[in-house]
Amino acid sequence: MKAVKRWRSDWRYPTTLLCIYGFFSTVKPLEPFLIAFLTGPDKNLTTEQVNNQIFPVWTYSYLSVLVPVFLLTDWLRYKPVVIFQCIALFITTAMLLWTKTVLAMQTMQFFYGVVTASDVAYFSYIYSVIDLKKYRKATSYSRSVQLLGYTVGSVLGQLLVSFSLMSYSNILVFTLVLTAIALLTSCLLPMPQQSMFFHRRHNVQKADAKSDGDEMVDATECTNRPKNSVEKIRDGKMDTIEETDEDAVKEENTYGAEHCEESVGKESCSQVFLHLWRDFIQCYSSRELLYWSVWWALATCGYNQTVNYVQVLWEHVQPSQNISIYNGGVEAVSNLLGAATSYGIGFTEVRWDKWGELALGAFSGLGAAALFLITFINNIWVCYTGYVIFKCLYMLLITIAMYQIAADLTMERYALVFGANNFGALALQTVLTSIVVDSRGLGLAIIPQFIIYASYFSGIALLFSLRGLFTIWRAKTNKTETTPDKNESLVLDEQGF
């Protein structure tokens, strides 16, 4: 019994449960074949209905629930939203299996928008239940398991379809079983006692038993005293950075031990919103962070549009019933290569503050070229190859952007910037979807859509290439101005300076 209690109190217990949940909730064997399923005999929908009426609902619902879900996640302390995410995923899969009309499929897309918006709970939960020293390992495990789930789902789906082991409907039933396992696991997660905004940890006054009649210490003074360490993210990882003021550290340790103790207190909505607004202004006052965030929002918008509608393009290029069996393999390869690319960038020694914006422009240009290639070359293998290249380039660049943005931010501010950037991307995506894709807008066919997406990334490439060249020129100019003339240096040396 003691061993069980020790296991439940250890950081490995919530991390293991979260990883199990993350794996079973992301194994979706039918996802690479969704277009073939919806336009096939099971649902008998047209490509135009799927492309112009059903898929846009996901973007609209995602945007509409993102901010409320973000705030509810912190207020309810993560676990309830994780459970709710799994319930919404179960409803999505069930509707995909048992309903057929366009309206039903639009409702299904709404619930899937709720699922994707609730991802914030999955990625934030672990930071509220484990010690700071274990953040790096726990983050690595939870994110890797999610990637493993997507990859296993893609490979499993291809095997089931290629060898005709299951029909599309049976694959959905199998997915429901996996989702039920994830739901059960989410209910076993321990309930966090704190969160980043609404249930924050504070230093409060502690009575001194040894000093009768001594002046009591104000709780706010405890909170405002210097800390002996601060939490920061560097190179995408959480570290504890020691303060350099040894006297302040010594004073804090002595003072805090006698008079202060930590407790979790609730914040009012007005306090939370004021705190968020001040942090938002302070974060985006940095020009470098602003430029990287602009690229993040612009590129993520185009990436989401491409990934959402690429299956429609594949079906257009070769509408054979047999070709779709390769979709799962392509998704698996793109996920693995994207992960390898993201992992490898952590070992490169590049001054991203100098060369980063030029890299954003250059690689965005390559991504645009890949999109033009898959749009105009009417060959399915070229489409597959171009898609893998495009996805790997995005994973590479978004990893660099995350590293640069997170370099000097605390966990709370990183969560705020991460959410703000994604909200900006989703707002742009909503505008793009309503104009280009939605049947109430232009309602363009798939080829004109991808011409617009490729041109969109060309614009991003031009913008950041010019910005990158300007940054390099300015750095060289500043270096020339700050380097003293050789003759002037010689005179200073002779004068004894």
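Analyst: A crossing is left-handed if the near helix is turned anticlockwise from the far one by less than a right angle, and right-handed if clockwise. This is a predicted model, in which local features need pLDDT of at least 70 and side-chain atom pairs count only at pLDDT 80 or more, while totals for chains, interfaces and linings use all residues. Residues are numbered from 1 along each chain as its sequence is written, and side-chain values use heavy atoms, with hydrogens and water left out.

User: How many helices and strands does the chain have?

Analyst: Helices (H or I, at least four residues) and strands (E, at least two) are DSSP runs, numbered from the N terminus. On that basis, the chain has 19 helices and 4 strands.

User: What is the handedness of the crossing of helix 8 and helix 14?

Analyst: Axes are lines fitted to C-alpha atoms, for helices over the stretch in contact, and angles run from 0 to 180 degrees between N-to-C directions. The axes of helix 8 (residues 135-162) and helix 14 (residues 327-344) come within 7 Å and cross at roughly 155°. Helix 8 is therefore roughly antiparallel to helix 14, since angles under 35 degrees count as roughly parallel, over 145 as roughly antiparallel, 65 to 115 as roughly perpendicular and the rest as oblique. The crossing of these two helices is left-handed.

User: Which residues of helix 2 and helix 9 make the contact?

Analyst: The axes of helix 2 (residues 12-26) and helix 9 (residues 168-187) come within 8 Å and cross at roughly 160°, so helix 2 is roughly antiparallel to helix 9. Contact means heavy atoms within 4.5 Å. Those making it are Leu 17, Ile 20, Tyr 21, Phe 24 and Ser 25 of helix 2, with Leu 178, Thr 179, Ile 181, Ala 182, Thr 185 and Ser 186 of helix 9.

User: Which helices are included in what covers the buried residues of helix 6?

Analyst: Buried means under 20% relative accessible area, exposed over 50%, partly exposed in between (1.4 Å probe, protein chains only). Among the buried residues of helix 6 are Met 105, Met 108 and Val 114. Their cover includes helix 3 (34-39), helix 4 (47-75), helix 5 (79-98) and helix 7 (119-125).

User: What share of the 497 residues in the chain is buried?

Analyst: In helix 2, the buried residues include Leu 17, Tyr 21 and Ser 25. Over the chain, the buried share is 46%.
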